[in-house]
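Subject: Two-chain model for you

Hello,

Please find the structure below. My notes come after it.

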Amino acid sequence: MLDMILSQAVNGLVLGFLYVLIAIGLSIIFGMLGIVNFAHGAFFAIGAYLAFALNRQFGWGAALLAPILTGLIGVVVEMVLIRWLYGKEPLLGLILTFALALLVEAILRLVFGGAPVPFAAPKFLAGFAEYGPILITKYRMFVLAVTVFVLVAFWAFLAFTPYGRIIRAGSRDPEMVGLMGINLPIVFSGVFGIGCLLAGLGGMLAAPLWTVTPSMAAGAIMPAFVIVTIGGLGSYAGAIVAGLLVGITTAMTIQFQPEWSGAAMYILMAAILLVRPRGLFGEKWERFE
Amino acid sequence: MTETTIASGRKIGRRSLLLGSAGLAATSFGASRLGMPYIGNAAAAEPIKIGMIWAKTGSIVDQAEYLAQGSMLALEQRNKTLLGRPAEIVWLDEPNPQGAQQSAERLIGEQKVVGIVGGALSSFALAISSVAKKAKIPYIAANAATGDLTGKSCNKYTFRVQPPVDVHARILAPYCASIGKKWYLLTASYAFGQDIKKAFNDYILANGGTVVGADEVPVGTPDYSSFILKIRAAKPDVVIGGVAASDLTTFLKQWNELGMKGKIPFAEISVGNTDLWGVGPEAADGLFTITWWYKDPNNTPEEQTMAAAYEKKYSRPAADKTWMGWLGMKSLLDSIEMAKTTEPAAIVQALETWKYKRGDIDVGYRPFDHQMTGRLLVAGIHPNITDKWDYFDVKAELPKTPDDIAKAFGSQADSTCKMDAL
């Protein structure tokens, strides 16, 4: 039994990293822009479908462009739709992004059909490694490595570059940053684009594991929201810790009480919010109070 | 003498009023019969509306797309006419069981449909069936497989195309038992999965085998790796699946990813062609029952015509779900023509006698439980898939004889259906 617990714990951690990758973009967009992006799952699906289309036409190398293209689509969406919502009633953002999610799903269905499309990992990432009772596939190790790299790189970008400082300052006091002569709308477009790029990256990496259908967003958006809520809205570190917690909790529930596995993360969220209503790393933000 | 004053102030006598009314009535009658027939025929020209409830969102949407296209094709093949009148399909969504129920109520209450085809998942079909029973409108469940639909929840207005889970299980279970007698059951946590769990559990225990593990999986589970690790540790001879549509696709992709493809045989009943097409040739694996296959040489000429029309229109082969949607709708449309009326009771009676020739057997709905009886295909996966549509390697078409079919579907004495009256 101990072997199985260890095996499930490691598997849960790896799954948690995939969840972190999906959730982190949502956390960034809320933390920096104050928008609760219900369309985050839609960008996840766009990433998966772009990877599918590029892979089919040009091979896996081209599929790597999918997150970048998703990010660019995000920039356009921000410039056309999202930027009119800054400082407005949060409900407007919820409604607009929810409508956007439905629109994207309908467009994907129109273009690619409703049936799932086949998508496999590249051959060099097929196979798995066994360390005693622990089994990890090469592809999941690759996903883990990419996630860790992206998290560290983005943290370094925010912490050590002038652009990162502008984004952080803009998220706390946009007026002040604007008064310093910085073109904040461009910064915000970039932030939204980065959030969408991360969603697209999550979609591309999840595509060989999950079923690629226009409705695949539903499988991503709920864990992402749960993770962001548990971690604390807008908290980078919180999203990471919460993602891993959700992964381990889900895996352990499958081991001992499988029929509860779908509800496990929601029970975890409720328990944490009872103790810490702002989530694990949630702070009081003047802008959103 | 009573007089009526109109707005202009002119007075109309009682006699004038009566004469005027009679004249107006006579004019209307005359116009309808003579110079202006379109006034009298307006009701007859009203299109006959058929309700269709197939998912437009959610985990079953991939199958629902084919079901809907097959259903629409059945009407298109009649040039969209029924009883000499134009006919149209009104398609509503079924996002969940409550949504399916509301859609059925809207179709009946607002659209005044004369019959409904739909219910992609068992839980949706049960919800629609309860509305059909209450509103006394014929309902064809073309895809749902739960036994309850034509078992304890049967009713006079509900008819079902898909063989129930226990029939599929009776056909596939002996194949699985011939591989090994230690089974692991991985089934969805709703009616369809629970029926599979019970049917296969009962079979293997009755035949000297064991169940080494049984997990119920929530619908829409995105990651099966933890379930697969449990299966791997339990070392079963066969894994019996009971997850539907895109959930099955996800499972098989991850089953392959974790190196299980070819290591432990996987079997599942009543899978959709699209579930496997979405898995891809690298990961597709298993032994299945399917209801129809576009390359089956035993397909009737009418089915071949349907498949050709579908491929021409949608540039892809017809799936089993296309056929089920088509056959369900065809049975309803045929029955309306047979009944020569849109009156629900007459359509129900026609459905009970409706027959469709498939090879040496007459396919139709049994009057005592409204279950369609027929054959199923047992299919594996081609070892080397070269055509992106041609995945299945059909091993058998069962049950072989009409007697075997009757036995597989069970007799009236075995049925839990207590059929109500019209």
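Here is what I found, starting with confidence.

This is a predicted model, in which local features need pLDDT of at least 70, side-chain atom pairs count only at pLDDT 80 or more, and totals for chains, interfaces and linings use all residues. Residues are numbered from 1 along each chain as its sequence is written, with chains lettered from A and ligands numbered from 1 in the order in which they are written.

**Confidence.** The model scores ipTM 0.86 and pTM 0.83. Where pLDDT is low, the predicted coordinates should not be read in detail.

**Chain A.** Chain A has 12 helices and 2 strands. These are DSSP runs numbered from the N terminus: helices are H or I with at least four residues, strands E with at least two. Its C-alpha atoms fill a box of roughly 60 × 50 × 35 Å along the principal axes.

Helices α6 (residues 138-160) and α7 (residues 162-172) of chain A pack at about 80°, with axes 5 Å apart. Axes are lines fitted to C-alpha atoms, for helices over the stretch in contact, and angles run from 0 to 180 degrees between N-to-C directions. So α6(A) is roughly perpendicular to α7(A) (65 to 115 degrees). On the α6(A) side, A:F157, A:L158, A:A159 and A:F160 meet A:G164, A:I167 and A:R168 of α7(A). Contact means C-beta atoms, placed from the backbone, within 7 Å.

**Chain B against chain A.** 35 residues of chain B are in contact with 32 residues of chain A. On chain B, the elements that each supply at least two residues include α4 (61-76), β10 (210-217) and α10 (245-257). The chain B side divides into 11 nonpolar, 15 polar and 9 charged. Ala, Val, Leu, Ile, Met, Phe, Trp, Tyr, Cys and Pro count as nonpolar, Asp, Glu, Lys and Arg as charged, and the others, Gly among them, as polar.

**Inside chain B.** α4(B) also packs on α13 (residues 320-339) of chain B: the axes come within 6 Å and cross at roughly 40°.

Best wishes

Notes: Contact = placed C-beta atoms within 7 Å. Parallel < 35°, antiparallel > 145°, perpendicular 65-115°, else oblique.
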